[in-house]
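Please open the model in your viewer and keep the selection tool at hand. The tour below goes from one selection to the next and says what is to be found at each.

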Amino acid sequence: MTNIQTGIFIFIFAFIITTFFTFFIRRALRYADIKDNPIVTEHRHKAGTPTMGGLAILLGFLLVACAYPMNKILVLTAIIMMTAGIIGLLDDLIGLKTKEYQKLIRNVSQQPVEIGRLTLKHGENARVTTPKAKKDLVKLLEEEKVEVVDEVPIKKEIGEGEKIFAQILISLFLVVSGAVSTSVMGINVGLFIIPIIVMGIVGSINSVNLIDGMDGLAAGILAIASTSCAIFAFSTGNIDGTIPFLVLAGTCFGFLVFNKYPASIFMGDTGSFALGAGYITAAFLGNVIYFAVIALAIPIISVIVSLMHRAHIIKLPVEPLHHTLNYKGMSEQKIVGLYWGLTILVCAAAIYFYHAI
């Protein structure tokens, strides 16, 4: 077979096998009663949807890697994905327990009210999360300016510092492999490649994890970005670097069969950790890191916006950005379509300008 035929076959194989695994994993998760319990008000209707569906993504990718062991980039990417998926799975399992119940309030006064860092207009809802907001709530309830409309269960989760430490451990698996070239964009960086790998793994995992908040959002963006990376690598004659991205694209599209709106399964941290680590690993090993970062621009921008919110530079009513858009009245389907469309435009522009210059 020609390179193009081989690539198409691998993509189709990854798509079909991941679709099957997703169907199987979804049934197993339902039997085990492993389900999501969203804390975002607009997504409360999704409670009960099976989570940890990233197991299907992992199984699909691993099976293709076993069937195509001659591509070392693909095999090592599968190993890193498995490592990250295990860490994400542990986080998902911890998240099945409830840490606390947060009050959901509504402004019933005719005037805007201040609670925590938020200003609620008449009829608007918000979760009471911060210590300041909880203190403000006591006074607002006494003045009968707000009412409690619900109590939202908050999952237990690993602390931010522990999550970053775990992600650094994942990056060390790639570092000790010695498979990453010390040349970045034609510049030999020597030992500085180690912090670059660490920042790449941590940044990619958190970008994908943050964007995984709506039906098909993360899987769709990774499918588009991976397809674009495969096209870019192939157009530059990098055949070995093309294969892992075709497998990633195939697994994401296969998962989307059941994860698109209305989703009947969520990937959880098992999937977002695995996809984030696998994507950037394929980029490092395939020597397309600069393009891969550009292709992931939308999730990266979302991370930056969230960091600006946490640093009090800007103020979001709900974090991250896509939840703010939903909070302001934009439908989930439109938000997902917007993010997918922007990712396609960014990737297409990057490929065009690379070959035009």
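Which residues are exposed on the other side of H4? Bear in mind throughout that this is a predicted model, and begin by selecting helix H4, which covers residues 131-142. The exposed residues on that other side are Pro131, Lys135, Lys139 and Glu142.

Now colour the buried residues of H4, which are Ala133, Asp136, Leu137 and Leu140. When you look down the axis of H4, these buried residues fall within an arc of 115°, so they line one face of the helix. An α-helix has 3.6 residues a turn, so residues three or four places apart point the same way.

While H4 is still selected, you can check its length: at 1.5 Å a residue, its 12 residues should span 16 Å, and its end C-alpha atoms are 18 Å apart, which agrees. After H4 comes glutamate 144, whose phi is positive, near 55°.

Next, select the largest nonpolar core, which has 78 residues. Those that touch the most other members are Met81, Leu174, Phe245, Val247, Leu248, Leu275 and Tyr279. The element that gives the most to this core is helix H7 (residues 217-235), with 11 residues. Apart from this core lies another, of 13 residues, among them Val128, Leu140, Val146 and Tyr327.

Within the largest core, centre the view on valine 247. Leaving aside its neighbours within four places in sequence, valine 247 is in contact with Ile10, Ala14, Phe61, Val64 and Leu74.

Move on to histidine 322, which sits in helix H12 (residues 321-327). Histidine 322 is buried, with a relative accessible area of 1%. Its contacts, again leaving aside neighbours within four places in sequence, are Leu210, Ile211, Gly213, Met214, Leu217, Ile335 and Tyr339.

Finish with two cysteines, selecting cysteine 229 and cysteine 347 together. Cysteine 229 is buried, with a relative accessible area of 0%, and cysteine 347 is buried as well, with a relative accessible area of 1%.

Notes
Residues are numbered from 1 along each chain as its sequence is written. This is a predicted model: local features need pLDDT of at least 70, side-chain atom pairs count only at pLDDT 80 or more; totals for chains, interfaces and linings use all residues. Side-chain values use heavy atoms; hydrogens and water are left out. Helices (H or I, at least four residues) and strands (E, at least two) are DSSP runs, numbered from the N terminus. Buried means under 20% relative accessible area, exposed over 50%, partly exposed in between (1.4 Å probe, protein chains only). Contact means heavy atoms within 4.5 Å. The expected span of a helix is 1.5 Å times one less than its number of residues. The arc is that of the directions from the helix axis to the C-beta atoms. A nonpolar core is a set of buried Ala, Val, Leu, Ile, Met, Phe, Trp, Tyr and Cys residues joined through side-chain atoms within 4.5 Å.
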